[in-house]
Amino acid sequence: MTEPLYPLLSLSRLRMEIDGDGVTTLVAGAGCPLHCKWCINQKLLRHPPTPVSPQELFDRVKIDDLYFQATGGGVTFGGGEALLHTQFLQAFRPLCKGRWRIYAETSLAVPRRAVELASQCVDGFIVDIKDSNPHIYRAYTGGEPELAYENLALLKELVGPQRITVRVPLIPEFNSKEDQTHSLQILKAMGFTRLDPFSYIIKNA
Ligand code: SF4
């Protein structure tokens with residue numbers, strides 16, 4: 001079988017409790033099925049990536065091994081859509097030998113199979129669910145909300161709510177505080193407890 005490669009855009013080291021527990025290294029990768037209007041990564045996503053093998057990436061992040069182990073941190077896959085790279089995540093996981101946690105930043109706008117595979121090799125999920133109102137979701141992302149919300153329910157079934165942080169944004173020009181509150185209520189009713197409401201800060205918005 002061909003070795004999976006990760007389209008590496010950038011590494012950001014020594015992040016503390018930003019995108020996972022403890023100290024993490026954010027590994028930004030190319031590719032995302034959505035087209036969010038205020039995506040802060042779009043500029044980055046247009047840069048040419050460097051394809052790296054699981055071992056090559058491991059060798060680049062292992063410099064922080066002691067920090068990861070001492071704080072219960074590890075490696076966060078994000079940038080674009082982490083769950084586009086589940087084969088890579090599955091190959092990378094054994095290299096960590098259980099000493100590091102693996103986190104994935106995702107919109108869950110991916111095929112159901114990707115969620116099933118990720119549930120087997122990712123410790124913590126940071127889900128940017130956008131908005132529960134279908135009109136707002138479509139207008140802002142260009143994608144379909146049913147896919148993301150069905151996958152969210154599936155992920156909860158597979159790994160439990162404690163391993164999922166759901167980020168719920170207030171999006172300038174697209175939703176209101178009331179919309180955000182409504183999304184939070186729906187997510188609470190679905191059984192999610194790790195909810196992270198936040199606001200996009202847009203220059204000149
Ligand atoms: S899901 Fe994230 S990476 Fe993808 S377009 Fe939206 S903000 Fe950008």
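**Contacts, cores and the ligand shell**

Trainee: What share of the contacts in the protein chain joins residues 24 or more positions apart?
Mentor: Such pairs make up 73% of the contacts with a separation of 6 or more; a contact means C-beta atoms, placed from the backbone, within 7 Å. Bear in mind that this is a predicted model, where local features need pLDDT of at least 70, side-chain atom pairs count only at pLDDT 80 or more, and totals for chains, interfaces and linings use all residues. Numbering runs from 1 along each chain as its sequence is written.

Trainee: Which residues touch the most other members of the largest nonpolar core?
Mentor: Leu83, Ala104, Leu108 and Val127, out of 43 residues. A nonpolar core is a set of buried Ala, Val, Leu, Ile, Met, Phe, Trp, Tyr and Cys residues joined through C-beta atoms within 7 Å; buried means 20 or more other C-beta atoms within 10 Å of a residue's own. Apart from that core lies another, of five residues, including Cys36 and Phe174.

Trainee: Which residues surround the ligand?
Mentor: Among them are Cys32, Cys36, Glu81 and Asp128, where near means a C-beta atom, placed from the backbone, within 6 Å.

Technical notes:
Two residues are in contact if their C-beta atoms, placed from the backbone, lie within 7 Å. A residue is buried if 20 or more other C-beta atoms lie within 10 Å of its own, exposed if 12 or fewer, and partly exposed in between; C-beta atoms are placed from the backbone.
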